Amino acid sequence: MKTTRLINFGLLGLAGLAVNGCGGSGGTAPHAEVEFVYVSTFGALQQFRVSSTGQLVPLSPATVPTPSSAGVAATSDSKYMYVTNEADNSVSQFSIGADGTLTSIGANVPTGQEPLSVVISPDDKFVYVVNDADSNISEYSIGLTGLLTPLATPTIPASHDAFQAGISPNGKYLYVACNTGNKLNGYSIGVDGQLTALAVPTYNIGAPYAAVFSPDGTRLSVPVNNTSITTYTVLSDGSLGAPISTPTTNAQPLGFTYSINGQFAYASCFEGGVAGTQVSQYSVVNGNLVPLTPASATAG
């Protein structure tokens with residue numbers, strides 16, 4: 001038996017895969033957790049394993065060619081990975097080996113124009129690709145061999161500049177952050193994977209970069225381009241309650257993530273890629289973000 005978790009670091013093309021396997025007599029002897037990290041560099045996907053000391057060690061091969069990789073997502077059973085190709089208007093399909101290496105399983109699948117991000121339903125049945133230039137979402141089912149097939153309604157509209165999407169842990173709802181469109185779009189997910197706009201389909205918000213559900217699904221946090229994280233309560237019908245804004249340490253928080261247990265959260269800020277970029281850090285108290293002391297950590 002093995003369990004998998006995909007760790008997204010708030011950037012479109014950086015993701016980590018952690019696999020915890022059990023084996024031995026009667027399946028009771030645990031193996032050490034093995035972690036892999038994948039980085040898209042527009043023309044290739046770099047693949048690494050994480051050593052016992054935390055160092056990234058290139059796999060063999062160290063890179064997997066892609067037309068123009070951007071977003072990365074893997075199924076929760078660690079079998080398949082999907083990578084959007086922004087300039088090629090397609091999504092690449094890979095199987096994930098036991099050693100973390102990726103192998104192409106079929107031709108690239110067409111998407112809309114400028115596909116940026118990709119997300120997978122928690123039950124590993126459906127894939128959604130956010131197409132920035134077309135302002136829509138492509139919808140696919142995942143076959144038994146990992147190959148993607150467009151749904152009966154292959155795309156659904158989104159607001160201008162659709163950027164990144166997030167799916168609730170229960171697999172019922174999907175939200176898309178539309179950056180220069182200054183909107184959040186909300187959808188329900190049907191049993192057939194089809195997206196349907198919620199009764200309240202759109203929320204006005206200034207330049208959102210991502211839509212991130214808390215692990216328990218009760219909150220939706222959105223990094224926005226005004227040095228803050230906006231957090232909503234997720235109501236029982238998937239709609240959002242009144243927003244609460246929490247400041248970040250620096251401007252342009254591009255990425256946001258919760259810890260696995262939901263007790264902490266982190267926001268990455270864009271500072272031109274220079275050394276000393278700040279990562280805001282929070283504890284989560286009754287669903288609210290409370291800055292830790294110190295309120296940020298310095299990245300390399």
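Phe42 is partly exposed, because its relative accessibility is 43%, where partly exposed covers the range between buried, under 20% relative accessible area, and exposed, over 50%, with a 1.4 Å probe and protein chains only. I begin with this residue since its backbone also deserves attention. Phe42 is not a glycine, yet its phi is positive, at about 70 degrees. The residue belongs to strand β5, residues 42–50; strands here are DSSP runs of E of at least two residues, helices are runs of H or I of at least four, and both are numbered from the N terminus.

A word on the model itself. This is a predicted model, in which local features need pLDDT of at least 70 and side-chain atom pairs count only at pLDDT 80 or more, while totals for chains, interfaces and linings use all residues. Residues are numbered from 1 along each chain as its sequence is written, and side-chain values use heavy atoms, with hydrogens and water left out.

Let me turn to the chain as a whole. It has 26 strands and zero helices. Of its 300 residues, 50% are buried. The exposed surface comes to about 13,000 Å², of which carbon and sulfur atoms supply 57%; these areas were computed by the Shrake-Rupley method with a 1.4 Å probe, and for residues only the protein chains shown count as cover. Taking contacts, meaning heavy atoms within 4.5 Å, between residues at least 6 apart in sequence, 38% join residues at least 24 apart.

Next, strand β13. Why is strand β13 described as largely enclosed by the rest of the structure? The reason is that six of the seven residues in β13, residues 136–142, are buried. On one side of the pairing list stands β12, residues 126–131, which runs antiparallel to β13 and is joined to it by six bridges; strands count as paired if DSSP finds at least two bridges between them. Within that pairing, Phe126 has Ser141 as its bridge partner. Four residues separate the two strands of this hairpin, and Ser135 there adopts a positive phi near 50 degrees.

Strand β13 also pairs with β14, residues 148–157, again in the antiparallel sense and over six bridges. Here Ile137 stands opposite Ile156 of β14. This hairpin has five residues between its strands, and Gly146 in the turn shows a positive phi of about 90 degrees.

I now come to Arg219, in strand β20, residues 219–224. Leaving aside residues up to four places away in sequence, Arg219 touches several residues, including Phe213, Tyr232, Tyr258 and Asn286.

Finally, the remaining backbone features. Most peptide bonds are trans, and most residues other than glycine have a negative phi. The bond from Ser60 to Pro61 is cis, with omega near 5 degrees, and Pro61 lies in strand β6, residues 56–74. Thr293 and Pro294 are likewise joined by a cis peptide bond, with omega about 0 degrees; Pro294 is in strand β26, residues 288–298. Asn89, in the loop between β7 and β8, has a positive phi near 55 degrees.
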